[in-house]
Amino acid sequence: MERPSRRHDLDFVRVAAFLLLIVYHVSLIYNSRNFMLKAPDSSPAFDIIHLLTHPWRMTLLFFISGAVTGMLLVKRPPGALRSARTRQLLLPFLAGMAFLIPPQIYVFLNAEMGVHISLLEVFWNYLTLTPVALPSGEQTLLAGMQHLWYLLYLWSYTVIITLAVAVWPSLLPYMGDRLAPWLTGKWVLIAPALLFILLRLVLRPIFPPSLEFLTDWYNHAVYMAAFLMGAVMATRDDCWDAIVDMRRPALILTVACAVALVCLFPSLPSRDPEMWRLCIGRMLGGAFQWCAIVTVLGYARIWCRSENAVIRYLNRAVLTYYVLHQTVMLLIAYGLDRMGLLSAVSFIPIAVATLVICAVAYELKLRLESAANAKFRPHAA
C-alpha cells in the first residue's frame, strides 16, 4: 500500500474543531444548561451555540483521530503507535486528573454549591478521597473527569484498534473493501447518517450520555463508529472523492437540519419534551451529525490542500490548549464573578484570555522541553 502524504486539510479541521470546542465550553457559562459556573445573566440565546455545534463537533474529532490513526498504521508498527499515543494521551490525562480537575471542583463548590472551601482543601479532599460536607448536610465525594474524558476515550479506542491490527495486519484494508459500497458515492452521506439516527433512536434512550467510561455505551457506540470509519477511510481515495462530491448536498441538508432543530427546540434543556418532538429531534440530530461532518471535510479537502505555518504550529499546540483550557476558563470566570464582572459582555474576553494563557503555557512548555533536551544532549568533543 502506498504511504499517504500529510493531510493538510485534516490538520486545518482538527485545529478549527478544537478552537470551536473552547468557544463552546465558554458558552456553557452563559446558556441555560447546567454547568460548574453560571453567569448571573445566563440566557437561552447562548443555547444556539450548543444546538449548532454539539451534535457533530466531538464526532468529527474522533473521525479525524481515526483517520490519522489509519494513516499512521501504514507507516508505523501498531505497538509503536500505541506507545506514542500512551505518552501523548494517557500521561496528560493522568496529570490533568491530578492537577487540573481540583481547581474546577473548587470553582463549582464555591460558586454553585455554596461551600466555602479553599483550593488547598479541595486538593487534599480530592487526592485522599475524603467527602466534602454540603450546606444541605449531605456529603459528596470529589470525583469526575470533566473535559478530560476525551483523552481517555481516544486512548482506549487507539489501544483497541492497534491491538486488533497487531493480530490481523490486513484488518483495515479488509474492512475498507467490505464497507466501500456504503462509504462511496451517495451512500457516504446516507449510510452513516442512518447509523447515527438509529443509535440516537435505539441506544440513547437506554444509555443516555454520561461520560462515565464504564457505562457510557451510547457515546462509545457513536465515537467508536466515527473513529473506525476514519481509520477505514484514511487511505481510500474513493471514499474521500465521494465526500468531496457530496459536500453540496451535505451542506444543504446541514442547514435544513440546523434550522429545523432551532425551531423545534427554541431553548435548552427542554423540560419533558413531547415524544413526537423528542423522536423528530433525534432523527434530525443524527442526520445533522453526519451531514455537518461531510460538509466540513468535503470543503476542507477542496480549500485546504496546501501547508500553512500557523496551522502546522497550532496542530501541535491544540492538545495542550485542550488539556488546560477548561480549568483556565473557569478560574478566569470565577475571578470575574467574585468581582461582580461576570456577564454576557465578558463572553469574548474570557474566550480570548483563555486562548492567550493556553498559548503562553504551550510556549513555556516548548522552552522547558528545549532546555531539558539541551541539558542532556551529549556535548560535541
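Buried denotes a relative accessible area under 20%, exposed over 50%, and partly exposed in between (1.4 Å probe, protein chains only). The model is predicted: local features need pLDDT of at least 70, side-chain atom pairs count only at pLDDT 80 or more, and totals for chains, interfaces and linings use all residues. Residues are numbered from 1 along each chain as its sequence is written, and side-chain values use heavy atoms, with hydrogens and water left out.

**Exercise 1.** Determine the accessibility classes of Glu363 and Arg367, and characterise their pairing.

*Solution.*
1. A salt bridge requires a side-chain nitrogen of Lys or Arg within 4 Å of a carboxyl oxygen of Asp or Glu.
2. For Glu363 and Arg367, the closest N and O atoms lie 2.2 Å apart, and the two form a salt bridge.
3. Both belong to helix H15 (residues 347-376); because they are four residues apart, about one helical turn separates them. Helices (H or I, at least four residues) are DSSP runs, numbered from the N terminus.
4. Glu363 is partly exposed at 24% relative accessibility, whereas Arg367, at 54%, is exposed.

**Exercise 2.** Locate the partners of the salt bridge between Arg236 and Asp177, and classify each by accessibility.

*Solution.*
1. The closest N and O atoms of Arg236 and Asp177 are 3.0 Å apart.
2. This pair joins distant parts of the chain, 59 residues apart: Asp177 sits in helix H8 (residues 171-179), and Arg236 in the loop between helix H10 (217-233) and helix H11 (237-245).
3. Arg236 is buried, with a relative accessible area of 18%; Asp177, at 46%, is partly exposed.
4. A network of salt bridges links Asp177, Arg236 and Asp238.

Methods
Helices (H or I, at least four residues) and strands (E, at least two) are DSSP runs, numbered from the N terminus.
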